[in-house]
Amino acid sequence: MARLAGMSLSHYRKTKPYTKPGHPAPISSSGAARLMWDREQVEAYHAGEPVPSLPPASDHDLLDRHEAAALVGVTPRSWNLYKHEAELAKHAVKVPQDGGVEHWPRHVLQHFKDSRPGNGPAAGRPRGSGDMIPRDQVLLRIAELLDADPAATVTDVSNTLGIARFPTARDGLNKLRGQRIADLVEANPHLDTTEAAERLGYPRITHRGATAVADAELRARAAHPYLAKTADALVEAGLAEPSEIPVRTVDGDHLTAAIPLSPGQPAAALVWDDRYGWRTANNRRHPIGKHTSTPPQGDDIRYLGTSIHPEPAELLTNLADASRGTNKPAH
């Protein structure tokens, strides 16, 4: 798009000409992490020709997580659980133009929606059969109960699914309620998390645990645009492959994230922590590590920025030069 506009990529990103009136609208959903446009429409726009209409919806269209969630009738956060269902997982497609983010064919989603069980307890799972639920399916089953009854209790979930009340049922309910509270606050910024919990119909006794999760979730989402910008710069420089960047909460309420680097780079991964900024890591599988209450140190660790949120250009320069960086954060 920058090339079609006759601009450098940096100038294009700064000026954002795609926001001008008359420019073709993105074809990706409004909640997508990376926006996408139709090539023919953008080419016609810059050539001064009439912008062609998009083709009609097709069963083979690829939908992102927001579009998939809307079609199936669940929240985007719930979709993060549903997508692991075998019928959906085997049809997931990673779209390179969207940073390698997963998409799903429309016809697969429609079939999945039409074949879903009803909204009864555990979406039709017989009472007492919960002991057969695989661990990676527990949150999905709790989500189905919560879809059917926002006031579902720990005892309801435990008895229906056959799982432990504490911590499994309790933590699952808190996590899902917190994510849905965060979704509602994001869509309605005038609400605080307690007001959102009330609007969603969650019992007052659940508010403390659920709003704590929601607060952490909202902070993680606020950090994501900066992390995505940095990841894009690493990909553009050929230092990393496109991938999603999960943000984790560690040590109670601190945020951290890791970006794996391509083979042959000065480190296996870059790790960001909202207390320490960016550092290198040579453990690709577990780059963040277990002990983060103090700044991690070691011969293979370099802290690369002069602030918690350095610009990607500074980070790239410091990563490429082994003489730059320190063995401890400068904060």
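**Gln41**

I started at Gln41, which, leaving aside neighbours within four places in sequence, is in contact with Pro24, Ala25, Val51, Pro52, Ser53 and Leu54. Contact here means heavy atoms within 4.5 Å. I placed Gln41 in helix H3, residues 39–46. Helices are DSSP runs of H or I with at least four residues, strands are runs of E with at least two, and both are numbered from the N terminus. I then asked myself: is Gln41 buried or exposed? Gln41 is buried, with a relative accessible area of 8%. The cut-offs I keep to are under 20% relative accessible area for buried, over 50% for exposed, and partly exposed in between, with a 1.4 Å probe and protein chains only.

**Ground rules**

I noted that this is a predicted model, where local features need pLDDT of at least 70 and side-chain atom pairs count only at pLDDT 80 or more, while totals for chains, interfaces and linings use all residues. Residues are numbered from 1 along each chain as its sequence is written, and side-chain values use heavy atoms, with hydrogens and water left out.

**Whole chain**

I counted 13 helices and 7 strands in the chain. The C-alpha atoms fill a box of roughly 60 × 60 × 40 Å along the principal axes. Of the 331 residues, 42% are buried. I also looked at contacts with a separation of 6 or more: residues 24 or more positions apart account for 51% of them.

On charge, I have 39 positive and 40 negative side chains, and the centres of the two sets lie 4 Å apart. Lys and Arg count as positive, Asp and Glu as negative, and His and the chain ends are not counted. Each charge is put at NZ of Lys, CZ of Arg, CG of Asp or CD of Glu.

**Cavities**

How many cavities of 30 Å³ or more are there? I found 2 of them. A cavity is a set of points on a 1 Å grid over the protein atoms alone where a 1.4 Å probe fits but cannot get out, and lining residues have an atom within 4 Å of a point. Grid points are joined across faces, edges and corners, and the volume is the space filled by probe spheres set on the points.

I looked into the second largest cavity, which holds about 30 Å³ of space. Its lining is Arg65, Asn80, Lys83, Val101, Glu102, Trp104 and Glu244. Strand S3, residues 101–105, gives the most to that lining, with 3 residues.

**Helix H7**

Beyond four places in sequence, Arg106 touches Ala57, Ser58, Asp59, Asp61, Leu63 and Leu71. Its C-alpha is 8.6 Å from that of Leu71, 35 residues apart along the chain.

Val108 is also placed in H7, residues 106–115, but is buried, at 4%. Not counting residues up to four places away, Val108 touches Glu87, Leu88 and His91. Val108 and Leu88 are 20 residues apart in sequence and 7.2 Å apart C-alpha to C-alpha.

**Ala152**

I found Ala152 in the loop between helix H8 (138–148) and helix H9 (154–161).

Most residues other than glycine have a negative phi, and most peptide bonds are trans. I logged one exception of each kind.

Lys16 has a positive phi of about 50° although it is not a glycine. Lys16 lies in the loop between helix H2 (9–15) and H3, and is partly exposed, with a relative accessible area of 41%.

Which form does the peptide bond from Phe166 to Pro167 take, cis or trans? The bond is cis, with omega near 5°. I placed Pro167 in helix H10, residues 165–187.

Terms used:
On a 1 Å grid over the protein atoms alone, a cavity is a set of points where a 1.4 Å probe fits but cannot get out, and a pocket is an open set with protein on both sides within 12 Å along at least five of seven lines; lining residues have an atom within 4 Å of a point.
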